[in-house]
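Work through the exercises below with the model open. Try each task before reading its solution.

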Amino acid sequence: MVELVDGGVFDNQGLAAIKDEKCTHIICSDASGQMDFDRTPSSKEISVLFRSNSILMERIRGLETENLREAPDTGFWHLRDGFEPTKDFPAFSGPAITSDEQSDGQIYLLSSIRTDLDAFSDIEANALMYDGYCLCDRFINQSAGLNAAPAGKWKFLNIRSVITDEPARLIKHLNVASDLFFKVFRLIGLKGRILGGILILVALSILWWLLTDLITTIRTTFESPSLLAGILVLGLAGWFLLKRLPKRVKAIKKLADAIRKIRTGKVMGAIYVFAIITSVGSAIAYFHLKVVNPIYLKLGK
């Protein structure tokens, strides 16, 4: 089995490959998430681990982009860069590192939109395209000594009326765009929060029922002497194996393969357990795609 990760772990912009090919003219629009400033970061172990990793990746990314900015014939910008407004092309409001979520920080909220495994409403998609369009004009036309305003009958230019006439609505949509769950309920308002609360209670009730049933099954299992003896034997064998692992690399690999088989449901009937879990997840995803998501997209027209 081959297991892969996203290439962003090594080079999130693909700049290393560009340099290897000795490209002479480079235009790079960095749409990766920017690390947020946090005055009071959590001191819990897992939070420190993730924050430390984010700082490390931010540092590496910063060194890459600094080299790119200094190179000749190169344009580089990211979502927290701004552009000067004109009569026909209004700009998003700053600051770029925070927002009061009511009247300012449109640039910051725009840069915080989720871009993976998510749906985009018209407001989100048009705002992102408009921002990139105007940033390209700033960095390409102005660097070439041109002062021509962007032109074209693009649908995303309709976002200009929202920026100038409905800034509160724009901020409201951009503010929830960074969330993974319950975005639509936040947009609906009080009724949406009540509906969301009811759905959460229903989900928790179903989860409680499943856990209660699982606890009953486990209790029944441990009341059986033969099954309990089998579990103890497996536990002792596992303990013996783990004790000898540091001295045997091959044994470590075998253990990793065994864990991978269990995780993929290829041993001891684990596939049935995972099938139940994925079925529940599929039902939730289906409800989200067919009911919740259309409402969200309609609100963001």
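**Exercise 1.** Which residues make a nonpolar surface patch of about 1000 Å²?

*Solution.* This is a predicted model: local features need pLDDT of at least 70, side-chain atom pairs count only at pLDDT 80 or more, and totals for chains, interfaces and linings use all residues. Residues are numbered from 1 along each chain as its sequence is written, and side-chain values use heavy atoms, with hydrogens and water left out.

Step 1. List the members: Leu-190, Ile-194, Ile-198, Val-202, Ile-206, Trp-209, Leu-210, Ile-276, Val-280 and Ile-284. (Patch residues have over 30% relative accessible area and no salt bridge; nonpolar side chains, meaning Val, Leu, Ile, Met, Phe, Trp and Tyr, are joined within 5 Å.)

Step 2. (Helices are DSSP runs of H or I, at least four residues, numbered from the N terminus.)

Step 3. Find the main contributor. Helix 8 gives the most, with 7 residues.

**Exercise 2.** Classify Val-202 by its relative accessibility.

*Solution.* Val-202 sits in helix 8. Its relative accessibility is 44%, so Val-202 counts as partly exposed. (Buried is under 20% relative accessible area, exposed over 50%, partly exposed in between, with a 1.4 Å probe and protein chains only.)

**Exercise 3.** How many disulfides does the structure hold?

*Solution.* Step 1. Count: 0 disulfides. (The criterion is a pair of cysteine sulfur atoms within 2.5 Å.)

Step 1. Check Cys-134. Its closest cysteine sulfur, in Cys-136, is 9.3 Å away, too far for a bond.

Step 2. Cys-134 is buried at 4% relative accessibility. Cys-136 is partly exposed at 30%.

Note on methods:
Patches are made of residues with over 30% relative accessible area and no salt bridge: like charges are joined within 9 Å, nonpolar side chains (Val, Leu, Ile, Met, Phe, Trp, Tyr) within 5 Å. Accessible areas come from the Shrake-Rupley method with a 1.4 Å probe; for residues, only the protein chains shown count as cover. A salt bridge is a side-chain nitrogen of Lys or Arg within 4 Å of a carboxyl oxygen of Asp or Glu. Helices (H or I, at least four residues) and strands (E, at least two) are DSSP runs, numbered from the N terminus.
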